[in-house]
Amino acid sequence: MLRSAFLYLAGQQQIFKFVRNNRLAKSFANRFVAGETLDTALAAVARLNARGITASLDLLGESVHNEAEARTAGEAYITMLDSIHGQKADANVSVKLTAMGLDISEDLCVAIVHRILQRARDYGLFVRIDMESSEYTQRTLDLFEQRLYPAYPQNVGMVLQSYLFRTFADVERAILLKARVRLCKGAYKEPETVAYPDKKDVDANYIRGMHELMLKGNYPGIATHDEAIINEAKRFAKANDIAFARYEFQMLYGVRRDLQDQLVREGHRMRVYVPFGTQWYPYLMRRLAERPANVAFLTGSVFKEMVGKRRR
Ligand SMILES: Cc1cc2nc3c(=O)[nH]c(=O)nc-3n(C[C@H](O)[C@H](O)[C@H](O)COP(=O)(O)OP(=O)(O)OC[C@H]3O[C@@H](n4cnc5c(N)ncnc54)[C@H](O)[C@@H]3O)c2cc1C
């Protein structure tokens, strides 16, 4: 029930307008979001790189309403790539197609993303196309396969979500294409007609896809904080002689930092998804939906910081 409530709140723009300038809400967001500017995000990337962790920078923002907004978001990604290259940061970027105008026009979206991919190719960088809710799955995969990947096979990858019934077939398709896949469980509120409602089925589907990608895929990103699944990935790699360099683990900024460091110590590749920007509200609500205990956790840490500041 709490999950549904937070996912419902994620779509409520009026509430975001209300909390946008609230200091307490911003302190909450800072646990999971690397500030509102590219500079704060790059500083977070530098801290991760110093811990032996690579990053994927994400400018927060979902469906845009007009062409100008989509082009502005696209230009922001060009600046991000320029900065990553200029600062020699160990990072790539993650892009949502709805932020690039998918709801306005497919051609517009493709033109903007091509410009981003072109710049990524100039620098030898990589762009991950995030996956959004199931109403976008087919369109995203079609655009990826027909209009993005053929032109930039080395520079672009996709995301698949194990909560969807269709995902194992999409895994097989991606393997045929030799496309790079990030596998995650999926973060949106989905109808039971397309997605498994039970965690045990989502997890089983994750493990099935993960095994296939680890054996036959092109450098899969195993994106999860689920320790049981991470342990299974480690066991499977060992049993099948799959080298650390053939896959990477991925986690979200601010989540399970202990486990991130542990995996690095063990010699695994670890990438952290670093979201930043002013549009942090729906992202934060999805993180709370995944783990409602985060409300208590965030409240505790915000109060600890406030008390700490008063003492100082
Ligand atoms: C790098 C990366 C990229 C992603 N990209 C996408 C995408 O493109 N599209 C998409 O739909 N989803 C994306 N996600 C989100 C993903 O789908 C899940 O919603 C999210 O990762 C939580 O699932 P889980 O695999 O960690 O497992 P869960 O079963 O949700 O959680 C397992 C355990 O992980 C810990 N945990 C999980 N979430 C949190 C949290 N928010 N705070 C604290 N602890 C937590 C808890 O200990 C929990 O018990 C991405 C996730 C990652 C890590």
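Me: Is Cys109 buried or exposed in this predicted model?
Reply: Buried means under 20% relative accessible area. Cys109 comes out at 1% relative accessibility, so the call is buried.

Me: How many disulfides does the structure hold?
Reply: For a disulfide, two cysteine sulfur atoms have to sit within 2.5 Å. The closest cysteine sulfur to that of Cys109 belongs to Cys184 and is 19 Å off, which is too far for a bond. The disulfide count is 0.

Me: And Cys184, is that one buried or exposed?
Reply: The cut-off for buried is under 20%. Cys184 has 18% relative accessibility, so it counts as buried.

Me: Where is Ser162?
Reply: Strand E4 covers 156–161 and helix H8 covers 167–177. Ser162 falls between those two elements, which puts it in the loop between E4 and H8.

Me: Which cysteine does Ser162 contact, leaving aside neighbours within four places in sequence?
Reply: Ser162 is buried, at 0% relative accessibility. Its contacts include Thr167, Lys185, Tyr196 and Tyr206.

Me: What is the bridge partner of Leu183 in E6?
Reply: Eight strands close into a barrel with parallel pairing, in the order E1-E2-E3-E4-E5-E6-E7-E8. Within it, E5 (residues 180–184) and E6 (residues 221–223) pair in the parallel sense over 2 bridges. The partner of Leu183 in E6 is Ile222.

Me: At about what angle does helix H5 run to E1?
Reply: H5 (residues 67–86) lies across strands E1, E2 and E8. Its angle to E1 is about 155 degrees.

Definitions and conventions:
Residues are numbered from 1 along each chain as its sequence is written. This is a predicted model: local features need pLDDT of at least 70, side-chain atom pairs count only at pLDDT 80 or more; totals for chains, interfaces and linings use all residues. Side-chain values use heavy atoms; hydrogens and water are left out. Buried means under 20% relative accessible area, exposed over 50%, partly exposed in between (1.4 Å probe, protein chains only). Helices (H or I, at least four residues) and strands (E, at least two) are DSSP runs, numbered from the N terminus. Contact means heavy atoms within 4.5 Å. Two strands pair if DSSP finds at least two bridges between them. Axes are lines fitted to C-alpha atoms, for helices over the stretch in contact, and angles run from 0 to 180 degrees between N-to-C directions.
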